[in-house]
Amino acid sequence: MGILQVEKLHKSFGGLVAVHDFSMVVEKGEIVGLIGPNGAGKTTLFNMVACFYSPDSGRVVFDGRDMAGMRPYHVCALGIARTFQVTKPFVNNTVLENVMVGAFSRTRNAQEARSKASEVLELVEFDQYKDALGSELTTADHKRLELARALATHPKLLLLDETMAGLNPAEKLHLLTLLRRIRDRGMTLVVVEHDMKAVMTLCERIILMHRGEKLVEGTPQQVANNQQAIAAYLGEEYATA
Amino acid sequence: MSKPNATRVEEFKAGKGRRFSLGWWVVGVVGLLFLIIPFFVHDPYFLHIFVLVFLFAYLGTAWSLVSMAGQLSLGHAALMGIGGYTSTLLFMELGVTPWLGMWLGAILCGLVGVIIGYPAFRLRGPYFALTSIAFAEILRIYVENTEVGPLGIPLKAAMGLLVPLKGHAPWLFQFDSKIPYYYIAFLMMGAAVGLSFLINRSRSGFYLAAIRSDQDAAEALGINSTKYKLIAMAISCILTALGGTFYAQYFRYINPERAMGLSMSVEIALVGVVGGWQTVLGPTIGSLLLSPSGELVRAYFGGTYAGLHLFLYGLLLMVVILFLPNGLNDPLVRAFKRVEARLGEGNKVRKETSPPGSRKGDKP
């Protein structure tokens with residue numbers, strides 16, 4: 001019994017099948033990587049787990065609860081937080097206020113939300129920007145802001161959609177350490193990522209999606225040496241990794 | 001610089017970072033001025049202009065609560081009309097004092113707001129704005145053409161309702177001088193602005209800001225956007241209905257064309273847009289500018305150039321939208337902050353907390 005069970009999910013948009021018969025189980029405290037070429041259905045899968053889309057068939061069970069018919073805001077209360085591939089900061093608010101919105105999901109009190117948000121900003125080492133407006137930040141900062149905002153909702157499961165994209169090597173390394181620290185606090189992470197080096201070092205298990213289906217699943221080592229994975233996505237250079 | 005940095009950080013976390021605020025002083029002084037004006041000025045026309053300023057500041061503030069949820073209402077006159085008609089009809093037919101009747105109108109409007117809002121708020125796009133116009137116009141046309149409504153309610157069609165004159169009767173919301181109306185309108189404005197301020201500082205305020213900024217992100221953070229839009233709408237409708245009763249009692253006359261018409265809806269929205277919709281003090285600033293100028297233009301040029309005030313409103317609206325799309329509030333706040341920075345020492349704290357890298361383009 002994992003914390004998240006995805007059973008035979010299917011979703012199509014018109015004639016395009018985005019996710020087809022996809023199943024996976026995520027155990028508590030795991031870091032699972034979701035990789036695959038563009039259009040493989042990774043973000044669609046995220047959107048179904050976070051109840052932004054409802055699946056055509058199949059079901060998602062989180063923490064023993066069937067999520068059928070739930071709305072995105074219910075999902076947050078249950079303990080799932082997500083970031084967006086295309087970041088969605090509240091541009092007219094400061095960083096602290098952005099994160100406070102997340103913190104308000106666990107408290108009504110503005111003072112508590114403020115101190116909780118400050119804590120999270122310290123954790124992600126972003127507190128020196130707390131007074132900057134969302135519109136004044138760079139893309140890399142927006143990614144970190146979204147992470148902080150998601151963390152402030154105190155989730156059990158964190159869905160990260162391409163948090164590494166647009167970061168320079170130093171920032172990536174920093175984020176990797178941070179994500180491990182977050183996991184060590186008892187959170188479960190599912191990450192969609194294109195940076196193979198980051199995925200290989202961060203994740204304990206990797207699922208390769210291709211055309212809406214699960215193509216390969218295993219440890220980073222297994223996936224890197226899998227012929228199908230190499231053909232579909234990784235390319236020859238990872239065979240020897 | 002007397003305190004160590006750690007204390008400053010603690011203070012910031014506790015929200016005590018700002019010790020000096022010019023804005024508060026100005027609001028306080030202006031409020032106090034308004035309170036003592038009737039002691040020095042007895043000219044009824046002058047007081048009348050101030051009553052209009054307060055009334056439209058009140059209505060605009062109520063209206064802005066909906067725009068804080070990112071929704072544009074162009075039918076708020078309908079709610080004013082429902083509030084005014086409810087209290088006036090209860091008074092005329094059953095002898096219920098408007099002090100009581102206004103709350104029945106408010107409850108009715110709260111319900112109406114939720115019923116209109118529920119389907120419209122679930123859609124994205126301009127549907128709420130369109131729905132609000134349609135609702136107000138349908139209601140106006142219906143009342144204008146209905147002599148006796150359902151249950152035998154005498155709506156009196158386009159003629160409107162005359163509030164029966166009772167002389168000086170405070171218990172019946174009627175006074176023979178302008179001064180009580182002046183203070184009632186002032187109190188209503190103060191209460192509405194205060195409520196808007198409290199909402200903005202609370203969780204609901206943060207949630208409304210999040211919803212109008214990005215609804216998807218807001219929902220991902222656990223915000224039921226439809227629910228919060230409906231709460232904002234209901235509060236706004238209740239306040240507007242109370243304003244409708246004040247309007248009826250003050251002018252002692254209410255008719256569908258004025259109280260429910262599109263021009264009233266637009267005037268309410270205009271006050272908010274010019275002053276700064278989605279801000280706490282914006283509508284009050286807008287009303288301070290628009291209500292007296294509109295009234296004076298109407299008084300001096302109304303005979304020769306009827307409708308000149310509408311021309312003036314249109315011109316102002318164009319200027320504001322072109323040069324200050326967020327209304328007059330933002331540049332004023334910025335100017336205040338600049339003066340504050342020079343006067344107080346609170347700015348030193350702020351400078352320390354925003355490093356050079358916090359601006360776009362500073363980072364590689």
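In this predicted model, A:Leu34 stands opposite A:Val192 in β8(A), and A:Leu34 also stands opposite A:Ile207 in β9(A).

- Strand β3 of chain A covers residues 31-35, and because 5 of its 5 residues are buried, β3(A) is largely enclosed by the rest of the structure.
- In general terms, the strands of a sheet pair through backbone hydrogen bonds, in either the parallel or the antiparallel sense.

**The antiparallel sheet of chain A**
- Chain A also holds an open sheet of 4 strands in the order β2-β1-β4-β5, with antiparallel pairing; its edge strands are β2 (16-26) and β5 (65-66) of chain A, each of which pairs on one side only.
- Strand β1 of chain A, residues 4-13, is joined to β2(A) by 7 bridges, and the two run antiparallel; A:Phe13 has A:Leu16 of β2(A) as its bridge partner.
- Helix α1 of chain A, residues 42-49, packs on this sheet, where it touches β1, β2 and β4 (57-62) of chain A, and its direction makes about 115 degrees with that of β1(A).

**Overall form of chain A**
- Chain A contains 9 helices and 10 strands; its radius of gyration is 18 Å, close to the 18 Å that the globule rule gives for 241 residues, so chain A is as compact as a globular protein of that length.
- The C-alpha trace of chain A spans about 50 × 40 × 35 Å along its principal axes, and 50% of the 241 residues of the chain count as buried.
- Among the contacts in chain A with a separation of 6 or more, 65% are accounted for by residues 24 or more positions apart.

**An exposed loop residue**
- A:Arg185 is found in the loop between α6 (169-184) and β8 (188-192) of chain A, and this residue is exposed because 9 other C-beta atoms lie within 10 Å, where a count of 12 or fewer is the cut-off for exposure.
- Although A:Arg185 and A:Leu4 are 181 residues apart in sequence, their C-alpha atoms are 18 Å apart in space.

**The contact between chains A and B**
- In the contact between the two chains, 28 residues of chain B meet 34 residues of chain A; α8 (203-213), α9 (215-220) and α16 (346-353) of chain B each supply at least two residues of the side that touches chain A.
- The largest share of that side of chain B, 6 residues, comes from α8(B), and by class the side comprises 10 nonpolar, 8 polar and 10 charged residues.

**The largest nonpolar core**
- The largest nonpolar core has 169 residues, and those that touch the most other members are A:Val99, A:Ala148, B:Phe54, B:Tyr58, B:Ala185, B:Tyr207 and B:Ala210.
- Apart from its neighbours within four places in sequence, B:Tyr207 is in contact with A:Val101, A:Phe104, B:Ala218, B:Ile223 and B:Tyr228.

Technical notes:
Residues numbered from 1 in each chain as written. Chains lettered and ligands numbered in written order. Predicted model: local features only at pLDDT ≥ 70, side-chain atom pairs only at ≥ 80, totals over all residues. Rg over C-alpha atoms; globule rule 2.2 N^0.38 Å. Buried ≥ 20, exposed ≤ 12 C-beta atoms within 10 Å, placed from the backbone. Contact = placed C-beta atoms within 7 Å. Pairing = 2+ DSSP bridges. Axes fitted to C-alpha atoms, helices over the stretch in contact; angles between N-to-C directions. Nonpolar A, V, L, I, M, F, W, Y, C, P; charged D, E, K, R; others polar. Core = buried A, V, L, I, M, F, W, Y, C linked by C-beta atoms within 7 Å.
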